[in-house]
Amino acid sequence: MRHQLRSLLSKLIFTFLLVSIAGTLITSLIVYTSNRLAFNRLRQEQREAAFVDEVLAYYEENGSWQNADLLLRDELESAAEEDLPPEFEGVQPNLPPPFALVDADNNVIIPNRQVAGFTVVPPEILSSGIVLEVAGEQVGVLLLDGPVSALNAAEAEFLAQTSRA
């Protein structure tokens, strides 16, 4: 009888230990995944806000989108290159800008992959964009070209530290 109790106790301890380890691993995976998603969402929101500020400042300064394709394209392309993973550093991949700019009449000012080939953008595509307003009047729409790209070294280190914690 004593031997059966010890055997049963050993099995219970082993089972509780196994359940505890499995629960810890599952919790760690959930926390890691949610942190990564939240961090990428934050990066995306910051990126969008920076582009919105940039294009609105251009419009407010010039009163129109005239020549915006020349002046803003350089800044948008350099931002796209900044988002490249480290292995592409120094390589000129000639990427389209990460955002498309469309004026109030749905005409493409700065194209990206999403609206390449369009001169006038259909309303169903515009509905997913960020409306640009100056003095309460819609002056355009900014369209996102996809998720944020690879993390830079500082961002990767931040996520690694968060995961370790």
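**Starting at R43**

So, R43: at 7% relative accessibility this arginine counts as buried, where buried means under 20% relative accessible area, exposed means over 50%, and partly exposed is in between, with a 1.4 Å probe and protein chains only. Before I go on, the housekeeping: this is a predicted model, so local features need pLDDT of at least 70 and side-chain atom pairs count only at pLDDT 80 or more, while totals for chains, interfaces and linings use all residues. Residues are numbered from 1 along each chain as its sequence is written, and side-chain values use heavy atoms, with hydrogens and water left out.

Back to R43. It sits in helix α1, residues 2–62. Helices here are DSSP runs of H or I with at least four residues, strands are runs of E with at least two, and both are numbered from the N terminus. The side chain of R43 has a polar contact of 3.3 Å with the side chain of N40. For that term, I mean a pair of N or O atoms within 3.5 Å; within protein, one must be able to donate a hydrogen and the other to accept it, and residues adjacent in sequence count only if both atoms are side-chain atoms.

Also in α1 is D53. Buried or exposed, this one? D53 is exposed, at 54% relative accessible area.

Zooming out, the protein chain has four helices and four strands, and along the sequence the pattern reads α-α-β-β-α-β-β-α. The four strands make an open sheet in the order β2-β1-β4-β3, with antiparallel pairing. Two strands pair if DSSP finds at least two bridges between them. Direction ignored, neighbouring strands are turned by 30° against each other on average.

β3 and β4 form a hairpin with two residues between them, and A135 in the turn has a positive phi of about 55°.

Contact means heavy atoms within 4.5 Å; the axes are lines fitted to C-alpha atoms, for helices over the stretch in contact, and angles run from 0 to 180 degrees between N-to-C directions.

**Cores and rings**

Now the inside. A nonpolar core is a set of buried Ala, Val, Leu, Ile, Met, Phe, Trp, Tyr and Cys residues joined through side-chain atoms within 4.5 Å. The largest one has 17 residues, and those with the most contacts inside it include V55, W65, L132 and L142. α1, α2 (68–82), β1, β2, β3 and β4 each give two or more residues to this core, with α1 supplying the largest share, six. Apart from it lies another core, of nine residues, among them V102, V121, V141 and L143.

Take L142 again: leaving out residues up to four places away in sequence, it touches F51, V52, V55, F99, A100, L101, G129, I130 and L132.

Last stop, the rings. There are four aromatic pairs in the whole structure, using ring centres within 6.5 Å for Phe, Tyr and Trp (its six-membered ring), with planes under 30 degrees apart stacked, over 60 edge-to-face and the rest tilted. Y58 and W65 are stacked, at 6.4 Å centre to centre and 5° between the planes. Y59 and W65 are tilted, at 4.8 Å and 55°. Ring pairs link Y58, Y59 and W65 into a cluster. Y58 and W65 are both buried, and Y59 is buried as well.
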